[in-house]
Amino acid sequence: RDSHRNAERISYDWIHKFDDTLRFRSGFNASAVNYDIGTDRFAVLRFNADGRTVSRTFVTGPQHLRDYDWQNEFSGTFYTGDIRHDWLAGVETYWSFNSATSFQGTLPNLNIFAPVYGVTPSALRLSASSDASFTNIAGYVQDFVTLTPQIRLLLGGRYDVTDTVNLNRLTNRTSANAADRFSPRLGITYEPVPTTALFANWANGFVPTTQTTVSGATLPPSASEQFEVGVKQQAFDGRVQATVALFQVTRTNVPTPDPTNATFSIASGEQQSRGVEVDIAGEILPGWKGVASYAYTFADVTKDNRLPVGDLLAGVARHAGQVWTTYEFLPGSLLDGFGIGAGVRAETAREATLPNTFKLPGYVRLDAAAWYRFAIQGQPFRAQLNLQNITDRRIYDTDGANVLRPTVPFTVLASISTQF
């Protein structure tokens, strides 16, 4: 039985501008996601000692998630002498609830050299049932300081207070985890000439989670530290912009699927991603624009007591890139308002699981789009048609354990949008 997912979402984003130096923004998002997890999700998928057969244990059952996020912030500009400050200050409240019930069963061993499909699964048994709630209240400030026309500083920080509660309905035991942390952020930009900017950034992050261990205990929040240095360059009178950046991100207590039961999680000791990103965007000719990007990423486990140190992170390609180009017919032309676009995205092979066992193949995906801008009684509209995965390439995503999800096949999406 296949898994199914139904999702509903409502949101608003409201901005009020008092004057040129002060504005207020309020944003809200609420979502409800209901999963009916079928027998296609394996909790255990393991080769036996004979090297020919695979033992299979699956989980099934309903899962319900509710998320609410409310953000309010002020932003503006002021001067201290000749120094300009573009500031921002706000608060954010986030609440989520997750209710899940899992039933577990087994399938007969599968001989990979002579597979037999359509077998009858075993009787189901109740394996897990839990309710988890998470609350986060945060305050944040940021100041983008223009010291001189050539030197700019970014100073910021965020303070989070979190509370996570998990109820194991099978044992009627409750586990809780409360945490708080201040996450600073610093950055500097130097422009030796108007067309070149050198930059460096450092930031800390704090990410709580509602994921639990097999015993029902809530995992501790994960933390991250990021370094980035690079250069931004403009050319052809500003029509082309390019960015090259080196980065390193170190994360601790990262929720990772439990190797012994992928429906639960463990906290990985330390994971690190480092690499280089290159982005180029610009206007090739009037109406013709293009974007190209490339990323080299080496991401692995650097410290852990359970996961093999040196194993690569699942789902992260060593090489990834994309090219997208659009052409919008110029005002006054015969096809004024029409636009077309096409692009390609490619990734090399990725590890499917952590610990590493096998790789997902690399892929190339083609997309295209066409749109028309028009107005009705002065109100602007945009009608658009998107073609995704035109060659119907079979591409898989992974959860890092035993679940591989195919991405969208060849898909046609039509939409009409407007702005007030």
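Predicted model: local features only at pLDDT ≥ 70, side-chain atom pairs only at ≥ 80, totals over all residues.

Guide: Residues are numbered from 1 along each chain as its sequence is written, and side-chain values use heavy atoms, with hydrogens and water left out.

Visitor: How many helices and strands are there in the protein?

Guide: Helices (H or I, at least four residues) and strands (E, at least two) are DSSP runs, numbered from the N terminus. The protein has 0 helices and 21 strands. Its C-alpha atoms fill a box of roughly 70 × 50 × 45 Å along the principal axes.

Visitor: Which strands does β13 join through bridges?

Guide: Two strands pair if DSSP finds at least two bridges between them. Strand β13 (residues 319–328) runs antiparallel to β12 (residues 288–303), with 9 bridges joining the two. Lys289 has Thr326 in β13 as its bridge partner. Strand β13 is also joined by 9 bridges to β14 (residues 338–347), again antiparallel; there, Ala320 stands opposite Glu347 in β14.

Visitor: What makes the nonpolar surface patch?

Guide: Areas come from the Shrake-Rupley method with a 1.4 Å probe, and for residues only the protein chains shown count as cover. Here a patch of about 590 Å² includes Val323, Val344, Leu366 and Phe410. Leu366 belongs to strand β17 (residues 363–376).

Visitor: Is Arg56 buried or exposed?

Guide: Buried means under 20% relative accessible area, exposed over 50%, and partly exposed in between (1.4 Å probe, protein chains only). Arg56, in strand β3 (residues 53–80), counts as buried because its relative accessibility is 10%. A polar atom of its side chain lies 2.7 Å from the backbone oxygen of Pro108. By contrast, Leu366 counts as partly exposed, at 33%.

Visitor: Which residues is Ser127 in contact with, leaving aside its neighbours within four places in sequence?

Guide: Contact means heavy atoms within 4.5 Å. With those neighbours within four places left aside, Ser127 touches Ser102, Phe103, Gln104 and Leu170. Ser127 lies in strand β5 (residues 125–146).

Conventions
Patch = residues over 30% accessible without salt bridge, like charges linked within 9 Å, V, L, I, M, F, W, Y side chains within 5 Å. Salt bridge = Lys/Arg side-chain N within 4 Å of Asp/Glu carboxyl O. Polar contact = N/O pair within 3.5 Å; in protein donor to acceptor, adjacent residues only side chain to side chain.
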